[in-house]
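Please read the points in order, with the model in view.

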Amino acid sequence: GDTSQAELSIHITGRNDAPIINTDAKSVVSEEGLTGGIKDNNGNTDTTDAADVIGQISVTDADHDAVLTYQLTGLPNENLTSNGQPVVWGLDPATNTVTGSANGNKVVELTLDSKKGEYTVVLHVPVDHADTSKEDTLAFNVPYKVEDQHGGKAESVINVTVEDDSPILVKNGTTIILDEKYLVLGSEPQSSEISKIGTLEVNWGADSGSEKDVQFTEKTKLD
């Protein structure tokens, strides 16, 4: 039973685990929540009446002591317009905010909390939607990264969907009657009676800028 003793050194070399983004960050705002907006359920995309929303980036990190930092890293690639003017995107790293402006006025902004991963989207004015026949949506993406104190990082985008608002006809216009007898070749020619003016009362909703018009969609054939 002789014994001997020696010293055994064990070195454990660890590897930093990068953060993992669990789900895509998606949020929805609606033009119906803007001043003058018409809250309704029109369109199969109408899910909210709010012009602002708070979202949360969902991230996990295997390192229990991980300190995560969230940072916006770029600008949307989507080309949007508001009231016919192009939306110009800008990033302020100091406030971790991306802002879209048109003609010098704020259209939409997204601010990300660098410590919590919570973000806020605020729609200030409507954006132009290509399909004017119905309430639809458009979207843009804001890139971001989440990084731990050891340099491990993950990247993705925050997807923002903007729901449309649409005008409504408050009441039908006054009935106008024109009589052929007042035409030049009629039995009682009278130029003042061959044309009349009526008014359609329209609530334009949030889309109350200069880019609006009324069109008649059907033609009536006169016998």
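Is Glu147 buried, partly exposed or exposed? Glu147 counts as partly exposed, at 25% relative accessibility, where buried means under 20% relative accessible area, exposed over 50%, and partly exposed in between (1.4 Å probe, protein chains only).

1. Basis of the note. This is a predicted model, in which local features need pLDDT of at least 70 and side-chain atom pairs count only at pLDDT 80 or more, while totals for chains, interfaces and linings use all residues. Residues are numbered from 1 along each chain as its sequence is written, and side-chain values use heavy atoms, with hydrogens and water left out.

2. The chain as a whole. The protein chain has zero helices and 15 strands; both are DSSP runs numbered from the N terminus, helices being H or I of at least four residues and strands E of at least two. Of the 223 residues in the protein chain, 30% are buried. The accessible surface is about 15000 Å², and carbon and sulfur atoms account for 48% of it; such areas come from the Shrake-Rupley method with a 1.4 Å probe, and for residues only the protein chains shown count as cover. Contact means heavy atoms within 4.5 Å. Among contacts between residues at least 6 apart in sequence, 60% join residues at least 24 apart.

3. Five strands form an open sheet in the order 3-11-10-9-8, with antiparallel pairing. Its edge strands are strand 3 (52-56) and strand 8 (88-92), each of which pairs on one side only. Two strands pair if DSSP finds at least two bridges between them. On average, neighbouring strands of this sheet are turned by 15° against each other, direction ignored; the axes are lines fitted to C-alpha atoms, and angles run from 0 to 180 degrees between N-to-C directions.

4. Strands 9 and 10. Strand 9 (residues 97-102) and strand 10 (residues 105-112) run antiparallel and are joined by six bridges. Thr97 stands opposite Thr111 in strand 10, and Ala102 stands opposite Asn105 in strand 10. The hairpin of these strands has two residues between them, and Asn103 takes a positive phi near 55° there.

5. Strands 10 and 11. Five bridges pair strand 10 with strand 11 (residues 118-123) in the antiparallel sense. Leu110 has Val121 in strand 11 as its bridge partner. In this hairpin five residues lie between the strands, and Gly117 takes a positive phi near 80°.

6. Most residues other than glycine have a negative phi. Is Asn96 buried or exposed? Asn96 counts as buried because its relative accessibility is 4%. Asn103, by contrast, is exposed, because its relative accessible area is 63%.

7. The nonpolar core. A nonpolar core is a set of buried Ala, Val, Leu, Ile, Met, Phe, Trp, Tyr and Cys residues joined through side-chain atoms within 4.5 Å. The largest one has 32 residues, of which Ile57, Leu72, Leu110, Tyr119, Phe140 and Ile158 touch the most other members. Strands that each supply at least two residues of this core include strand 2 (25-30), strand 5 (69-72), strand 12 (137-147) and strand 13 (153-163). Strand 12 gives the most, with five residues. Leaving aside neighbours within four places in sequence, the residues in contact with Ile57 are Ala25, Tyr70, Leu112, Gly117, Tyr119, Tyr144 and Ile158.

8. Salt bridges. How many salt bridges does the rule count? The count comes to two, a salt bridge being a side-chain nitrogen of Lys or Arg within 4 Å of a carboxyl oxygen of Asp or Glu. One joins the side chains of Lys106 and Glu109 (3.4 Å, N to O). Lys106 counts as partly exposed because its relative accessibility is 45%, whereas Glu109 is buried, with a relative accessible area of 16%. Glu147 and Lys145 also meet through their side chains in a salt bridge (3.4 Å, N to O). Lys145 is partly exposed, with a relative accessible area of 23%.
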